[in-house]
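Please look through the structure shown here, and then follow the explanation below one part after another.

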Amino acid sequence: NIDAAIIFSDILIVPKVMGLDFIMEAGKGPQCLTPLKTIEDLMMLKPVNGTEGSLISNYDAVFLTRMALDGEVPLIGFCGAPWTLMVYMVEGTGSANNALVKKWINANPEESKFLLAEITKVLVLHMANQVKSGAQLIQIFDSSADLLSPDDYFEFSLPFAYTVAKELKSQYPEIPVIFFPRGQYGALKEIITNHKYKVFDCVGLSHGVDIEETRQWAKETGKVLQGNLDPGVIMGKEEIIRAKTQAMVEDFGCHKHIANLGHGVWPNHEIDKLSLFVDTVRTH
């Protein structure tokens, strides 16, 4: 009994159809067996036209879920941002310092932008096909945004996420877009206040964000904000979950705010405590 449904197909089906080989390993998450190690490896990339099996199964899932929901709640489509996908494509998996992808953007910036542009093309197609299949809004999830300095973020991430949203809006102007630049505090004001980024109807906030400051920025552009309770709170006592959720609601107010966590649900979150979070938002 929540307010929306979302298709969390793994974001790595996109680099998979571009020619990289991924597996899901229990306890470790996604592992790329054929990461991009050199510039020459860019030749491994395959053209994508949307008829690939893993993409088709994703669109089938969107369609079937939309039908099953029967109009009760809206259905959100989902993708990883180009930069976040590039990190996986180069690193192969998560790493301590992400030195490999940092080397790419600093030693081979133009080739890095070529890769990001190729990922962007596939994502535009992928998101448009999700909308055709029944998704009613789209979330672009940049979970590796915090790896970059603000200057590098403006060069290697934001322009490409912006292009995904802009191209999608050109085809489906009525489709709202949520953009989540996880932990990228240096670029947050620009994303919220610059009218260029009006293609992002809603901006997701990590739990380290100052709510009052961000609300003031959003008033200038009419942005909806999403977030931002620390997921760790859901591990706590019921009275603490209730109190901190109430405080979040009071800080944001009830106008142009989507109550949510400051990142994702954890595997060890208890359903009853997540339900308490949702119920507290509604009652408060």
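Phe179 stands opposite Val203 in strand 7, in a model that is predicted. These residues belong to strand 6 (residues 177-181) and strand 7 (residues 202-204), which pair in the parallel sense over two bridges; two strands are said to pair if DSSP finds at least two bridges between them. Seven strands form an open sheet with parallel pairing, in the order 1-4-5-6-7-8-9, and its edges are strand 1 (5-6) and strand 9 (257-261), each of which pairs on one side only.

The chain has eleven helices and nine strands, where helices (H or I, at least four residues) and strands (E, at least two) are DSSP runs numbered from the N terminus. Helix 3 (residues 82-91) and helix 4 (residues 99-107) pack at an angle of about 110°, their axes lying 8 Å apart; the axes are lines fitted to C-alpha atoms over the stretch in contact, and angles run from 0 to 180 degrees between N-to-C directions. Helix 3 is therefore roughly perpendicular to helix 4, a term used for angles of 65 to 115 degrees. On the side of helix 3, the contact (heavy atoms within 4.5 Å) is made by Trp83, Met86, Val87, Val90 and Glu91, and on the side of helix 4 by Ala99, Leu100, Val101, Trp104 and Ile105.

The C-alpha atoms of the chain fill a box of roughly 55 × 40 × 40 Å, taken along the principal axes.

Residues are numbered from 1 along each chain as its sequence is written. Local features need pLDDT of at least 70 and side-chain atom pairs count only at pLDDT 80 or more, while totals for chains, interfaces and linings use all residues, and side-chain values use heavy atoms, with hydrogens and water left out.

Note on methods. Angles under 35 degrees count as roughly parallel, over 145 as roughly antiparallel, 65 to 115 as roughly perpendicular and the rest as oblique.
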